[in-house]
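This report covers two chains.

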Amino acid sequence: MRSSLTALTIWALCFSGLACGSARVQGPQSSEKKPAESPESQVLMLTQDRPSYSLPITAVAGNPRDAEVLEVAITKVINPSLIPIAFYVYLSDTEAGKSDTNPHLIGNFSLYPPNEPGKFVLGVTPALRNLLLSDTTPKGHLRLIFEMKRIDEDKAWVPVEVSIAQPAWRAAEK
Amino acid sequence: MEDLSLFSRRDFMKGATALGITGLAVWSGACESACEKIKNRPTRRNIANLPANDPIIQTYKDAVAAMKALPNTDGRNWDKQADIHNNKCPHQNWWFLPWHRAYLANFESICRKLTGNNDFALPYWNWSTSPSIPAPFWGNGNPLFNNTRSATQTSVASSLNVGPAKITEILDQTNFFLFASGSATTQRQRTSYGILEGTPHNYIHNFVGGDMLTFRSPLDPVFWCHHNMVECLWVEWNLNRGNPNTSDSAWSGFNFTDDFVDGDGNPAPIQVATTLLFPLLTYQFEPCSPGMAKAAPIRDRATLEKFLREGAPSKLEFVKRFELRPPRTTDLKQAAPVRLKVEPEAFRTVLDVAGREKAVLTVDEVEPPAKQDVFVRVFINKPDAAAATPIDDPHYAGSFAFFCCEEHPDIKGHEGMTPAATPSASASPGAAPASTLPKLTYLVDVTPTIRKLSQGGSLSSDLDVTLVTVPIEENRPAETQKVSLGRLELAVARF
């Protein structure tokens, strides 16, 4: 446990400069915009102008074979207006750059208070495991999509910035 | 309401033992008058099922208005209640559920006290089936209205976050930590969110907005009904579906020492193990989940037994043991004192309120009398205790009883700290005719009594344990004249 935390910390530190450097405040984005694509091992950054991000499944730490959960840690939140937001994590079975009309929802969650970081453990269902481990699924096509949505979508975006650590396949606490 | 006759009094005693001895003390200490109260315990209802003029809603309004009118020197004051949450609430860890259970129970008690409505049960907002903030929470001048909300009366919560499919997914989760959030070592340590807290709970705080976005969220009266829904889902998951809570004693033995105030505004410290008994003994729920067909928080006897036996904590480490020379029987209304010379040092760790060690009295191989119309009271350092000695005497530690009268040939030994019930080979000479029920073991947490006596300077090195058998009903003579006991042991146990 300690070694994995250390590894995660080191990993996060490696990319914290990149994460901070990418912080920008811009206007609302079009909902038509495709998720930005993150290279492997880059910390995810969701903002009001880029509320969706995807990364290849191979960038997830750990082995999905025996995993019971997908751990998603929100490490930093800048949300001065306390805009209510919810997060959705999908598995997309489509080549990068192409749209997937039916991604598999792995889990969804919110922050409370909405400027407080948190670690979420999303259960790996048999359906998800099958999708991940199936010989017929080209692994290069699998991507995780992280989406941040306003809970009241009638209201305009305000500046918000959320950092997400490298997601990881894990065994569940027992 | 479930049929409590399904469960014998003995089940509750054994169950309480499995849950933790603090819980046992709570149960046993009140066993004389609690039966009817338990059977008729108030039902927490879905607020959507209540007409606008329902007394439950009116009482809730009156209570909130009364709390807002209290001076801020009173712990029951509305703002002071929000301060408790702001300063103490555990989130993102495994004490999230029991802490809020105790918080709600005390709040409910305050509502009753301030309104004089002793039948009041806090209603819940079932956001899964009624995804808009319910009508009773709207209207200027309404004590239940909060004008900081961002949600309007027509706003609808997302079904992906709180809808029936999500609730089914949550209730299908069998791992306590994934259901109820991750383990922690301190009350406000943030470790990991379980699905119940991280998804519908957090979402609704965001959906309502305003005060609900912050840790001062109890300023909005909808907070209490929101958390009552969370509570109902825990009851459904744990009690009805038989999913065990963690057996880690670090969880169940944790004390919320300086958090809550009761209906009278007095401090109300409580241990997690005790909160586990609340939905069994003090309230029940109208159905709140898909497939929860009737208002029976416990489906059947087997489910309850499974829950009680597998529930936390399953481990209890005995650090020191002091066997007492037992009386063979306790005669009706007569004291049966036994004396043990115990070095005061032996209890030093027990006296530490923040410690994890407790003093436990084990009364083993008790033969349930044929007519179970008595109970046995336990006193510490009160050799002259008698049936007339009141239970608010500082030496009173608890009592145990022999509820109901059915035979249970299927009772087998079970894991955990309680020794297996053993078949009664023969009645002890001199004892009342015994039934064919197995011999029983009772644990009584005598820690609060020992602490109380120590603080009062009356805990000597010679420790007396006195047992007094009294009729269950004060005004009805008991047929049972003696209760046969086996071994008595006082131990220091670590949770």
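Chain B has 17 helices and 14 strands. Helices (H or I, at least four residues) and strands (E, at least two) are DSSP runs, numbered from the N terminus. This is a predicted model: local features need pLDDT of at least 70, side-chain atom pairs count only at pLDDT 80 or more, and totals for chains, interfaces and linings use all residues. Residues are numbered from 1 along each chain as its sequence is written, while chains are lettered from A and ligands numbered from 1 in the order in which they are written.

Of the 495 residues in chain B, 52% are buried. Buried means 20 or more other C-beta atoms within 10 Å of the residue's own, exposed 12 or fewer, partly exposed in between, with C-beta atoms placed from the backbone. Take the contacts in chain B between residues at least 6 apart in sequence: 78% join residues at least 24 apart. A contact needs C-beta atoms, placed from the backbone, within 7 Å.

At the interface, 21 residues of chain A are in contact with 26 residues of chain B. On the chain A side, strand 6 (104-110) and strand 7 (118-123) each supply at least two residues. Strand 7 of chain A gives the largest share, five residues. The table sorts that side by class.

| Class | Chain A residues touching chain B |
|---|---|
| Nonpolar (Ala, Val, Leu, Ile, Met, Phe, Trp, Tyr, Cys, Pro) | 13 residues |
| Polar (the others, Gly among them) | four residues |

A:Asp66 sits in the loop between strand 3 (52-56) and strand 4 (69-78) of chain A. A:Asp66 is exposed because 11 other C-beta atoms lie within 10 Å. Its C-alpha atom is 7.2 Å from that of A:Ala171, 105 residues apart along the chain.

Definitions and conventions
Two residues are in contact if their C-beta atoms, placed from the backbone, lie within 7 Å.
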